[in-house]
Amino acid sequence: MKYRAIVPTLYIIFLMLPIYWLIAMSFKTTNEILGGFSLFPEKFTFENYMVIFTDPSWYWGYINSIIYVSLNTVISLAAALPAAYAFSRFRFMGDKHLFFWLLTNRMAPAAVFALPFFQLYSAVGIFDTHLAVALAHALFNIPLAVWILEGFMSGVPKELDETAYVDGYSFPAFFVQVFIPTIKAGIGVTAFFCFMFSWVELLLAKTLTAVAAKPIAAVMTKTSSSAGFELGLLAAAGVLTIIPGAIVIYFVRNYIAKGFALGRV
Amino acid sequence: MKTINQKGWFFVLPVLILVAFNALIPLMTVVNYSVQETFGNNQFFWQGLDWFENVLRSERFHGALGRQALFTATILAIEIPLGVGIALAMPRKGFWVPICLVLMALPLLIPWNVVGAMWNIFTLPDIGLAGYVLNNVLGIEYDMTQNAFAAWTTIIVMDVWHWTSLVVLLAYAGIISIPDPYYQAAKIDGASSWAVFRHIQLPKMNKVLTIAILLRFMDSFNIYTEPFVLTGGGPGNSTTLLSIDLVKTALGQFDLGPAAAMSLIYFAVTLLVSWLFYTIMTKDDK
């Protein structure tokens, strides 16, 4: 049994190396970074972080990102819940084709949609709002949410529905009071995936915003233009983008293993 | 058994409206561009299918498609077996499980441009950890801005770093769902660990692996941000994958017609391969 631990350990070390390097960089001064190689920061500095926390154009990047990611998670879940229920419980005309068509949207390269999205959202008048990014990300998150939720819902026996109707629940009451609590692990996992894919996406988020809703990922590009290449600042901004993800993982840690089976196994 | 109930359409309606708004209108815009020529000023001229012919015949598109296929095939060939192997070696219960899972899931939640920037910093020849160790400790000449092979190795290692965890987590979820009696029965029969893997664990992982392969195929085929930040498609064109080439054509040169035609061909290729995977891997489900 002991030998087997070597594989995951080596893998985790491999995962942590670049992250360690990013963190180490974020505490170095620009001079030290460009001056040569050092494994640990020699002059430990919080300067890079101070820049981010005191400059509104920096910290608003984080706030904007969190707003549209949350909005996207809510929209995706609200739309996907009834749809997934229909796919898991009913057969209706064209259901299989519809399901695959939904999945195809997950396959569309974001690069293909960047320009048309820009024009569409400008025409509708929501360009540079959080809603625009949240809706655009719904394109690939809704199919995924339907897919995951359908898996979880299919794992719930149909007798639950029937018993509830016998007990006198109307459909909406049953759905909200009985069904949703039953699959709350599934909803948590789905929310995790929606958060994840919306948080990490940059191309669409950057294309659909200019000033008011500029995501952190787009703000970060300014480190390379102003005053040369500020690696320390870039590293600090990068470290701060890892934190929300780490918090979310911590909350779902007990569901991760089961949840990734998507309720299907 | 599912009941036949056309009311299902009502439930699907919100999703339909949202996705149709997001997918159909932009897709029509792309189709519209793909058959027209523009010289700016919003003047468009009918062009027919010329752009499609041009793209399909162009060396540049073949090159990008070839590099894309090579990239996707390589990372699938590494990530799927590696992910399954790591999942098999993971502890099944105990104190270390949540720690392993959280640490492994971490790369998945890092924004893609940060992944690119992180690897950029990590591999800088003289001041990055990996670059320094390769050049100055191991004595391997390594500079991905000069050497195409180094650039390729770097984007592949980066993708393995970034996404293997997804395969691990999916495969692990499949493995822990296997009830203990299966293993006990195998032990009584004196099954080798290969037999256990082949006849118990692999069939149980079938479904999650389908998901893993599909997701990894779609996402790696559409990859843009990470290699763009890391190498910018260079040196030369050596790491210009399909999406990078597409954005160069569409937004860089503003050749909307060819870019739109290329988009549609690109999308069609992704769709076809995904459909093949999906059909082959779900054919035993029925």
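Trainee: How many residues does each chain bring to the contact, and what makes two residues count as in contact?
Mentor: Chain A brings 79 residues and chain B brings 77 residues. Two residues are in contact if their C-beta atoms, placed from the backbone, lie within 7 Å. This is a predicted model, where local features need pLDDT of at least 70, side-chain atom pairs count only at pLDDT 80 or more, and totals for chains, interfaces and linings use all residues. Residues are numbered from 1 along each chain as its sequence is written, while chains are lettered from A and ligands numbered from 1 in the order in which they are written.

Trainee: Which helix gives the most to the side of chain A that touches chain B?
Mentor: Helix α13 (residues 231-260) of chain A does, with 17 residues. Helices here are DSSP runs of H or I with at least four residues, and strands are runs of E with at least two, numbered from the N terminus.

Trainee: What makes strand β1 of chain A and strand β1 of chain B a pair?
Mentor: Pairing needs at least two bridges found by DSSP. Two bridges join β1 (residues 90-91) of chain A to β1 (residues 3-4) of chain B, so they pair, and they run parallel. A:Phe90 stands opposite B:Thr3 there.
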